[in-house]
Amino acid sequence: MNRRAFRGEILRVPHDPREAGPEAVRHEVDGLLVVEGGKVLACGAHADLAPRFGDVLVETFEGILVPGFVDAHVHYPQTERIASHGEQLLQWLERHIFPAEQAFADSVHAEAIAAFFLDELLRNGTTSALVFATVHATAVDALFAAALARNMRVTTGKVLMDLGPEGLRDSVAEGRAGTEALIARWRGKGRLGYAVTPRFAVTSSDEQLADAGRLLAEHPDVLMHTHLSENIGEIAAVGERFTEARDYLDVYDRFGLVGPRSVFAHCVHMSDEALARMAEAGAGIAFCPTSNLFLGSGLFDLAHADAHGVRIGIGTDIGAGTSLSVLHTLGEAYKVCQMRGCSLDPFRALYLATQSGANVMGIGDKVGALEPGQEADFVILDPAATPLLARRTRGATLFDRLFALQVLGDDRAVASTYVAGELAHARDA
Ligand SMILES: [Zn+2]
């Protein structure tokens, strides 16, 4: 098989630095990444690996090679509604988002946005993503086809919302039939995955939430992807409807939607009981700092979630989020943590955006840290991408260069993106 190697500075964080300490960080100033058949054959110091792989074609690079970023929560149909002014969550959905999502009944529109969206992910160094589509099968088909064409690791699903507005409403039967058909159509193709996707508690009837729980149980290879405790107004609406539930998480729990394959976006306002239950169930959180700031939803409490041992990924949450760049999103995550009185370490941040996000998505054995046997999705970052970055990072420690990339970097700092060992984006091409 076609064996190739990449030589230069390599950084990856296979384990949580909070638990594993400095041992979690794997850094080689002169490293070698050996790729064969789209997978990592070896990754380590060039001096150690060169004798074994002396005959392999080697490409040298400038910059820092890191694993491809994992975006654990993003809405592709909202791409064109990013930067919509002036509302909080429920009003923002009504005014800006629901009208935009109605257009995804048209497959030509869905295909155009899916292609643009995935190219933007690659330009930002994101190689895996857990993506909201719309209620329409056309929206899911368009994204799966575009991801398959790019060989990207994308998980998505038809949104279930039988209490949604006109034009975005399915029925329990349509929700089930649409979900079943899409799973059957795309299962096992490329690097795609399916997620049962109720929009959130108030947009589905009790019957549909219960059916979502059954779909999740019937298909052990799919995820469950939804929103939880994002915004005060939303939480109040949930409380008014589900008076018997202990809290918002308990609404989902009663319908069998809280387990190790469940990913909940936001989780800004969480009790100790709810976080303990999430940890016990093995469910994951997508921390979406730019979105939470943009909609004024609140400040995610990472230390609180950590205290309970909940699994965390990073989400850009476009269109409420303000950038598709995971690097930029980590800079905002740092600020949100500062407001909560804790300081997010840049290596931990990189872990959350790579291996930890992959773990949340249930693909941690396949991508996240460029370990031997994992797929070779990676990004080459340019710490001198802008004059300010160049000045800040010149002669700086790895810690400072990585942190500067998170605070000052975005798509401009992504020199190139590789998917399964193949060049998928080059900034300067
Ligand atoms: Zn969202």
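# Chatting through salt bridges and strands

Me: Let's start with Arg 18. Is it buried, partly exposed or exposed?
Reply: Arg 18 has a relative accessibility of 43%, so it counts as partly exposed. The band for that label lies between buried, under 20%, and exposed, over 50%. Keep in mind that this is a predicted model.

Me: Good to know. Which residue does the Arg 18 side chain meet in a salt bridge?
Reply: Asp 306, with 3.7 Å from N to O.

Me: Can you show me one inside a helix? What does Arg 277 pair with?
Reply: Arg 277 meets Glu 280 at 2.7 Å, N to O. Both are in helix 10, three residues apart, so about one helical turn separates them.

Me: Nice. And Glu 180, what is its partner?
Reply: Glu 180 and Arg 176 meet in a salt bridge of 3.1 Å, N to O. They are four residues apart in helix 6 (residues 172-186), which means a separation of about one helical turn. Glu 180 is partly exposed at 28% relative accessible area, and Arg 176 is partly exposed at 22%.

Me: Switching to strands. How covered is strand 11?
Reply: Mostly covered: five of the five residues in strand 11 (262-266) are buried.

Me: Which strands does strand 11 pair with, and in what sense?
Reply: Strand 10 (residues 223-228) pairs with strand 11 in the parallel sense over five bridges. Strand 12 (residues 284-287) also runs parallel to strand 11, joined by three bridges.

Me: What stands opposite Ala 265?
Reply: His 227 is a bridge partner of Ala 265, and Ala 286 in strand 12 stands opposite Ala 265 too. From strand 11 the chain crosses through helix 10 (residues 272-281) to strand 12, and this β-α-β crossover is right-handed.

Me: What about the open sheet, how many strands does it have and in what order?
Reply: Seven, in the order 3-2-1-4-14-15-16, with mixed pairing. Strand 3 (39-45) and strand 16 (422-426) are the edge strands, each pairing on one side only. On average, neighbouring strands of this sheet are turned by 35 degrees against each other, direction ignored.

Me: How do strands 4 and 14 run?
Reply: Antiparallel: four bridges join strand 4 (residues 57-67) to strand 14 (residues 378-381). Ile 64 stands opposite Leu 381 there.

Me: Which strands does helix 16 lie across?
Reply: Helix 16 (residues 398-408) lies across strands 1, 2, 4 and 14, and runs at about 95 degrees to strand 1.

Key
Residues numbered from 1 in each chain as written. Predicted model: local features only at pLDDT ≥ 70, side-chain atom pairs only at ≥ 80, totals over all residues. Heavy atoms only, no water. Pairing = 2+ DSSP bridges. Helix = DSSP H or I, 4+ residues; strand = E, 2+ residues; numbered from the N terminus. Axes fitted to C-alpha atoms, helices over the stretch in contact; angles between N-to-C directions. Contact = heavy atoms within 4.5 Å. Buried < 20%, exposed > 50% of the residue type's maximum accessible area, 1.4 Å probe, protein only. Right-handed = clockwise from strand over helix to strand, strands pointing away. Salt bridge = Lys/Arg side-chain N within 4 Å of Asp/Glu carboxyl O.
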